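Please open the model in a viewer and keep the selection panel at hand. The stops below proceed one selection at a time.

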Amino acid sequence: MSETAQEKWGMVIDLDRCNGCQACVTACSLENNVGFVGEESAAYGRGMHWIRIQRYWEGEYPNITARFRPVMCQQCGHAPCEPVCPVFATYHSEAEQINVQVYNRCIGTRYCANNCPYVARTFNWFDWEWPEPLNEQLNPDVTVRRRGIMEKCTFCIQRIRKGEEDAEAEGREVADGEIQPACAQACPADAIVFGNLADPESRVSRLARSARAEKLLEELGTETKVIYLKGGSSRDR
Amino acid sequence: MTAKLSAFPKEHPHEHEEDPREHLMLDPRPREEMNSMVLESMQDTPVSYWVTVGVLGLLVGVALFGAWGYMISKGMGVAGIRRPVYWGVFIANFVFWIGISHAGTFVSAILRVFKAEFRRPFTRAAELMTTFGLAAAGLYPLIHLGRTWRFYWMIPYPNQRWLWPNFHSPLMWDMLAITTYLLSSTIYLYLPLIPDMAMARDRSTGWRKKLYRVLALGWRGTEAEFHHLHTAINIFAFAIIPVMFSVHTIVAWDFAVAMTPGWHSTIFGPYFVVGAILSGVSAVTMVLALIRGTMKNMKYFIRPEHFDALGKLVLIFSMAWGYFFFNDFNLEWYGGEAVGHAVMDYHLHGPLSWIWYGMLVANIIIPWATLWNKKIRRNPWAMFTIGFIINLGMYAERFMIVTFVLSRGRMPFDWGWYKPSLVELSISLGSIALFLFLYAVMSRLIPLIPVWEVQEGQLAHTLRRIGKAEIPTVSELE
């Protein structure tokens, strides 16, 4: 394992733009066939959302501000979830430089979820149902997971693959902004930007160099691929 | 003159000292009588025995396997675990049973290696606890799997997909350590059993004779056979001690190698080993009190002197556990990391903090307050009660290490709490029933007392008169 992880796909989330509308959560759930668990289970901490808007309060009432932070799998370069899996169900994709989960290999030890400092993983506690006609909405590009399996954000790898294959078929490189995960596509505030971090000229790379850039729990050395912008200045745009 | 005579002490000054003949080794009976006493205890099956076995069997069938089957068919969701507490009672049970399984080997192998003569009558009862404690513990890694029916993917077997398990995962180390321990402790249980199987073979009829003939492996009791047996037992007694230490250290590493605050601790390995021995030796006293109280002729073999000796061990290990606990907890507090303090705060001031305080009472205050007293140590049912309380305390410790720590992670938004469900409680109860069921059945199939070892000890021990005192002596056996 190299000292610093290689760069490929990355995401920038501008916290100064995020207004906590949850459009990304909805889009992600629909794109990725994320199960609906119902009100009660969701309240008990069994919501399956791959991306969640963490809400923190700053200050005391009446001088109080809500802060939002959309958190999904941070696609660590040195992922704590990977070594603990006994069957290699979660592993590092060398080609895409993201952390992938093989649903059919997962036996459900849930060790990866315990070792994830970002609590980014969700577990299929039951078989979820999509009663008629909701089954029509299922995305054919994404596996429907059964009970007993761990899952998490994949950076919409089905869209990455499709973009790469389209580009290859046309004999060109993938253009900047061509591949968009569902959350970035749905964000009305344009707070989520996705692209190739290996390309210094891509929009995501330029934003990642911002003085406002920070990574979540960077001190753990997990080499995450999600960069948050925070500080309130708009000089980078 | 007469007044001076009446001042002569009425009591003999040594009257309060126990009679050396209270000790099993100095109170020999004819060999044939001892053999038949043990055989009688195995064949004594009153109605109460069958009722107990029946109820335990029913509990194993319904509470353990029934609830487990229900969970398999519905999904892990019928357990109370949730984000972020992905592990719950099942893993706490796993650590608990591994801890119970430690004592058997600890008591038997370590006392054998150090030639502690008082061990002789109860080594087998302790070793059986290892085997059945592991049987109960070994179920939990399977029970807690989201897809139990895929457990064999953890086994390294050749397959056409060229898939291999991940030996970087502590769960793989666990599997290897537990299977090694189960195999070696079963052999270690079986070796000293061979002469007793031959003894039972020569004195029984019917299906028992057939069974014991197979298990006795043609033992005749020649000097060469005993020589080989002693060598084999000696090798295993030494070799199994590091295996025992490694197993619980690896169980501790399941937690310690994770980067979760509250788990990532260098002291977890020895801390878990000491905790396992504390709960396990306490459990040995419980089992011995039960055997002595319920089985025939056992009062001759299991005596207050054994509870006395085990009580001292429990006290020492309670002190050792307190020392490790202090190390683990206070250094986290002194370090002052915010997450670590959040975890500690949940222990000390959270809604379930009574579990934490209860653990300290059960593991430290109660043993320290009682076990210094010889009268208490020599009372089997007092020792049973203390052992039970310590095991409650040790279970609480495992429960908190698994669930409290997971409740308070690095992301405060995801902090959560955990409430065990009925299914989890049912399976937990069922595994206790499984342990007791296997033990109860086995108590009628094999002699719980290694008769030949007791007899060997009685041959070696003598009372010698030196001056006016009788001094127990022991001759070197090997």
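Begin by selecting B:Arg398, which is buried at 3% relative accessibility (buried means under 20% relative accessible area, exposed over 50%, partly exposed in between, with a 1.4 Å probe and protein chains only). The side chains of B:Arg398 and B:Glu397 form a salt bridge, 3.5 Å from N to O; the term denotes a side-chain nitrogen of Lys or Arg within 4 Å of a carboxyl oxygen of Asp or Glu.

A note on conventions is in order here. This is a predicted model, in which local features need pLDDT of at least 70 and side-chain atom pairs count only at pLDDT 80 or more, while totals for chains, interfaces and linings use all residues. Residues are numbered from 1 along each chain as its sequence is written, chains are lettered from A and ligands numbered from 1 in the order in which they are written, and side-chain values use heavy atoms, with hydrogens and water left out.

Next, select B:Lys296 and B:Glu40, whose side chains meet in a salt bridge at 3.2 Å, N to O. This pair links distant parts of the chain, 256 residues apart: B:Lys296 sits in the loop between helix 10 (268-294) and helix 11 (298-301) of chain B, and B:Glu40 in helix 2 (residues 31-43) of chain B. Helices are DSSP runs of H or I of at least four residues and strands are runs of E of at least two, numbered from the N terminus. B:Lys296 is partly exposed at 36%, as is B:Glu40 at 37%.

Move to chain A and select A:Arg161 with A:Glu96, a salt bridge whose closest N and O atoms are 3.4 Å apart. A:Arg161 is partly exposed, at 37%, whereas A:Glu96 is buried, at 3%.

Now display both chains together. Which side chains meet in a salt bridge at 2.3 Å, N to O? They are those of A:Arg52 and B:Asp414, and the interface of chain B and chain A holds 1 salt bridge by the rule. Over all chains, the structure holds 32 salt bridges.

Finally, colour the residues in contact (heavy atoms within 4.5 Å): 50 in chain B and 46 in chain A.
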